[in-house]
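This report concerns the structure shown below.

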Amino acid sequence: MDNLEKKLLSQEAAMQLAALKKINVWKNIAITISTIGVAVTYAGAAGTDLNIFLVIPGVIIILLGFASAAILVTGLKNGRRNVGKILDILDGGKSNEV
């Protein structure tokens, strides 16, 4: 592997790490949204009367936040594995295993 290929792979790994940081921020936002859904659901269910106009949107917010976070966690896991493969290639000099 020549220096140009190493430089390009190094740049690719850096760009993917930057993208993974952004995805991690979005994952935290999705978890926060899900937490807000829990608060809204609790506000609708607490007390003597059940407020269905808070419970239903709260449950929907919880489900949307959780589903978004699950998708983003999968992307983070796969992205980290991909960066690991790139770094293994750079360290070991392998050129066919991307």
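## A residue in context

In which helix does Gly 84 lie? Gly 84 belongs to helix H2 of what is a predicted model. Along the sequence, Gly 84 and Ser 68 are 16 residues apart, and their C-alpha atoms are 24 Å apart in space.

## Helix arrangement

Helix H1 covers residues 3-45 and helix H2 covers residues 52-92. Their axes come within 7 Å and cross at roughly 165 degrees. Because angles over 145 degrees count as roughly antiparallel, H1 and H2 are assigned to that class. The crossing in which H1 passes H2 is left-handed.

Ala 39 is located in H1. With a relative accessible area of 46%, Ala 39 is partly exposed.

## The loop and a nonpolar patch

Leu 50 is placed in the loop that joins H1 and H2. Its relative accessibility is 57%, so Leu 50 counts as exposed, the cut-off being over 50%.

Leu 50 also contributes to a nonpolar surface patch of about 650 Å². The patch is made by Leu 50 together with Ile 52, Phe 53, Ile 56, Ile 60 and Leu 64.

Note on methods:
Residues are numbered from 1 along each chain as its sequence is written. This is a predicted model: local features need pLDDT of at least 70, side-chain atom pairs count only at pLDDT 80 or more; totals for chains, interfaces and linings use all residues. Side-chain values use heavy atoms; hydrogens and water are left out. Patches are made of residues with over 30% relative accessible area and no salt bridge: like charges are joined within 9 Å, nonpolar side chains (Val, Leu, Ile, Met, Phe, Trp, Tyr) within 5 Å. Accessible areas come from the Shrake-Rupley method with a 1.4 Å probe; for residues, only the protein chains shown count as cover. A salt bridge is a side-chain nitrogen of Lys or Arg within 4 Å of a carboxyl oxygen of Asp or Glu. Helices (H or I, at least four residues) and strands (E, at least two) are DSSP runs, numbered from the N terminus. Buried means under 20% relative accessible area, exposed over 50%, partly exposed in between (1.4 Å probe, protein chains only). Axes are lines fitted to C-alpha atoms, for helices over the stretch in contact, and angles run from 0 to 180 degrees between N-to-C directions. Angles under 35 degrees count as roughly parallel, over 145 as roughly antiparallel, 65 to 115 as roughly perpendicular and the rest as oblique. A crossing is left-handed if the near helix is turned anticlockwise from the far one by less than a right angle, and right-handed if clockwise.
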